[in-house]
Amino acid sequence: IDPKGTKMMRRLTDALVLRDTYWHEWNRVLFMNDIEITKLSWFQSPKYQDFFNFLDSMGGFWLYRWGDHAVRTIAIALFLDPAKLMRMRVPYGHQNTCRCGDGNLEQVCVR
């Protein structure tokens with residue numbers, strides 16, 4: 001697996017995206033999956049299952065609390081055709097992240 005092999009993987013691993021990261025760290029850019037529409041057959045595919053089973057064999061889900069959003073983000077960046085992604089243009093807030101939707105880019109979300 002080439003960590004820079006796709007445009008999305010380069011975006012995820014580019015240390016220049018966030019200045020507080022180092023060259024050897026993941027910059028924590030990810031797909032939030034609190035609201036998502038997925039095609040189950042993609043997650044059941046041999047390619048995804050091999051990837052997931054490899055990660056599971058490393059014990060990181062239990063030892064380091066690897067979350068589903070990070071694993072899915074990396075799998076999507078590695079294996080999914082970007083043309084199959086759909087951006088949901090809805091207001092969304094989670095912890096310190098807030099997006100008011102494409103129709104309200106100038107507005108600041110209030111919690």
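Student: Why does F51 count as buried?

Tutor: Buried means under 20% relative accessible area, exposed over 50% and partly exposed in between (1.4 Å probe, protein chains only). F51 has 9% relative accessibility, so F51 counts as buried. A word on the background: this is a predicted model, where local features need pLDDT of at least 70, side-chain atom pairs count only at pLDDT 80 or more, and totals for chains, interfaces and linings use all residues. Residues are numbered from 1 along each chain as its sequence is written, and side-chain values use heavy atoms, with hydrogens and water left out.

Student: What makes Y48 buried?

Tutor: Its relative accessible area is 7%, which is under the 20% limit.

Student: Why is the aromatic pair of Y48 and F51 called tilted?

Tutor: Rings of Phe, Tyr and Trp (its six-membered ring) pair if their centres lie within 6.5 Å; planes under 30 degrees apart are stacked, over 60 edge-to-face, and the rest tilted. The centres of Y48 and F51 are 6.3 Å apart, so they pair, and the 55° between their planes makes the pair tilted.

Student: How far apart are Y48 and F51 in helix 3?

Tutor: They are 3 residues apart in helix 3 (residues 46–58), about one helical turn. Helices (H or I, at least four residues) and strands (E, at least two) are DSSP runs, numbered from the N terminus.

Student: How do you know that the charged end of R72 sits over the ring of F43?

Tutor: The rule asks for NZ of Lys or CZ of Arg within 6 Å of the ring centre and within 35 degrees of the ring normal. R72 has its charged end 5.0 Å from the centre of the F43 ring, and it is listed as sitting over that ring.
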